[in-house]
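Biologist: Hi! I'm new to this one, could you walk me through it?

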Amino acid sequence: MTDPADLVLTNAEIHTLAAPDTTAEALAVRDGEIVRVDSAYEIDFLDGVETTTIDLDGRVLLPGFIDAHTHMTAVGKRLVHADLANADARDEAVSLLAERADATDREWILGYGYDESDWGSPRYLDRSDLDDVSTDRPVVAFREDMHTAGVNSVVLDRLGEQLPDDDVRTENGDPTGVIVENVLGPIRDAIAPDRAETRELLLAAQEYATERGVTGVHDMVRQSHAPRAYRDLDLADELAVRVRLNYWSDHLDALREVGLTTDHGSEFVRTGAIKTFTDGSLGGRTAKLTEPYADAPDATGQWVVPPADLDDLAERVDDAGFQMTAHAIGDAAIDAVLDAYERTDADEARHRIEHLELPSEEAIDRLADMGAVASVQPNFLKWAGEDGLYDARLGTERRARSNPIRNLLDAGIPLAFGSDCMPLDPLFGIEQVVAAPDERQRLTVTEALRAYTAGAAYAGFDEDRLGTIEPGKRADFAVLDRSPWEAADIAAIDVAMTVVDGTIVHDAR
């Protein structure tokens, strides 16, 4: 006799997102594992005295979303500090920071996520704006890409000697308060949350994520308490998302010393890849291009990690048995990563390129040949329309060939979707790529969903336990109020329920 299930979800439109995608009415879970996917009639035989049975009233059930590139402490900071993401104008962003200053007795006034590209002016928040918030407390406003920030005079006076001159923007020899790339290091050090605050940030971010159907994250961590906080939450049975820790390259030697390699860990917290930058961002004009920016003819961006150092790192990461993942946005940066990966066994190691926004056709062919993973952010397509940010930065021709997600998929390149917290919302990203500005680069709903589930699972060596709804896989689900195949406004679909390892972690029915 078959043992009864712990959980039965029935009267649903279940999409397995396997190949091919098949549908079913019900499924059964035992000990956090899917044991059967079938008709409601057949699943009813697994309904026992202690089985929890939930009628989903025709809702759509999918594998849980896996965000393959995110920063959970950054998500938490937006929730705990000033969230500038919805500021429609410079004055509104300054007002939100001023409100935060009035509401907290913390010394540092912090805001996250502003995007000046919709303000009708290309100017970043600078010291004159932020001095209006406070002239006696330090104020920092991070742009959405986290590669650019504005600081007030207090920060410049306090940390001025620690800030590398090359990344401090000046006007007539005086710092404007706009800072980019490496200069952000001393700022991050000064405002780094302690262990208790890191736990607070991660719990806030976790709740935000599960409300959006996210059941797993690949978190990019650097010099923070996040790895310890995640493991503390895991031991306390308070972790409601699966976490893959992609450590920055400055952790490599420490990870080797303690004997870790990619995929070590528990059911909920595992070691992922070694992460590095190559260039910056298009918004900050620091992504490394082969040709100058359309709106800055003397600028081609900058190296955050030069090619020679990247080559050395790739060799050390590969020798140590780790997966590697490299941030590369501009075409020159992408070529540099490909050069480095060609010296490794990129296919077996599943080395990844993050963002991959402006690859040449040759770069796409090279990537397909080596079998590395494209970890991309469909959210970024919000800047790729006519007269958008990328039009200004790149000009019409390069803007039109940015984020060629369809080309990547058609080339047979393993495709994983993540949000980079811009925003953390899979359904928003799926809508962007299904309705991409360039019709030739659009994905079908099924293809986009797979990149946020099975594709992200593959990028994290998790395809045997996550990413599809099949017997033997872990019971991680997102339940939607409406079908993304039928909705014109995918981003507006509500997540009714999120299940992780057979436990309901969000319920908005």
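This is a predicted model: local features need pLDDT of at least 70, side-chain atom pairs count only at pLDDT 80 or more; totals for chains, interfaces and linings use all residues.

Biologist: Good to know. How many residues does the largest nonpolar core have?

Modeller: That core has 96 residues. Those with the most contacts inside it are Phe65, Tyr230, Tyr341, Leu367, Leu415 and Phe417.

Biologist: And which helix gives the most to this core?

Modeller: Helix α11, residues 331-341, which contributes seven residues. As a general rule, nonpolar side chains in soluble globular proteins tend to be buried together.

Biologist: Let's change topic. Where is Ala68, and is it buried or exposed?

Modeller: Ala68 is placed in strand β8, residues 65-70. Its relative accessible area is 0%, so Ala68 is buried.

Biologist: What surrounds Ala68, once neighbours within four places in sequence are left aside?

Modeller: Its contacts then include His218, Met220, Glu354, Ser375, Phe417 and Ala456. On the other hand, Gly58 is 10 residues from Ala68 in sequence, and their C-alpha atoms are 29 Å apart in space.

Biologist: Now the charges. How many salt bridges does a search of the whole structure find?

Modeller: The search finds 47. One of them joins Glu342 and Arg366, with the closest N and O atoms 3.0 Å apart. Glu342 lies in the loop between α11 and α12, while Arg366 is in helix α13, so the pair ties together parts that are 24 residues apart in sequence.

Biologist: Which of those two is buried, and which is partly exposed?

Modeller: Arg366 is buried, because its relative accessible area is 16% and the cut-off for buried is under 20%. Glu342 is partly exposed, at 46%.

Biologist: Which residues are linked in a network of salt bridges?

Modeller: There is a network that includes Glu33, Arg242, Arg244, Asp263, Arg474 and Asp501. As a separate example of a pair, Asp507 bridges to Arg509, with the closest N and O atoms 2.7 Å apart.

Biologist: And the aromatic rings, how many pairs are there?

Modeller: The whole structure has eight aromatic pairs. Tyr112 and Phe142 have ring centres 5.0 Å apart and planes at 10 degrees, so that pair is stacked. The two link distant parts of the chain, with Tyr112 in strand β10 and Phe142 in strand β11, 30 residues apart. Tyr112 is buried at 2% relative accessible area, and Phe142 is buried at 1%.

Biologist: What about the rings of Phe417 and Tyr452?

Modeller: Their centres are 5.7 Å apart and their planes are at 75 degrees, so the pair is edge-to-face. Phe417 is in strand β21 and Tyr452 is in the loop between α17 and α18, so the pair ties together parts 35 residues apart in sequence. Together with Phe65, these residues form one aromatic cluster.

Biologist: Last one: where does the charged end of Arg350 sit?

Modeller: Over the ring of Tyr458, 3.9 Å from its centre. Arg212 likewise lies over the face of Tyr208, at 3.5 Å from the ring centre.

Methods: Residues are numbered from 1 along each chain as its sequence is written. Side-chain values use heavy atoms; hydrogens and water are left out. A nonpolar core is a set of buried Ala, Val, Leu, Ile, Met, Phe, Trp, Tyr and Cys residues joined through side-chain atoms within 4.5 Å. Buried means under 20% relative accessible area, exposed over 50%, partly exposed in between (1.4 Å probe, protein chains only). Helices (H or I, at least four residues) and strands (E, at least two) are DSSP runs, numbered from the N terminus. Contact means heavy atoms within 4.5 Å. A salt bridge is a side-chain nitrogen of Lys or Arg within 4 Å of a carboxyl oxygen of Asp or Glu. Rings of Phe, Tyr and Trp (its six-membered ring) pair if their centres lie within 6.5 Å; planes under 30 degrees apart count as stacked, over 60 as edge-to-face and the rest as tilted. A charge sits over a ring if NZ of Lys or CZ of Arg is within 6 Å of the ring centre and within 35 degrees of the ring normal.
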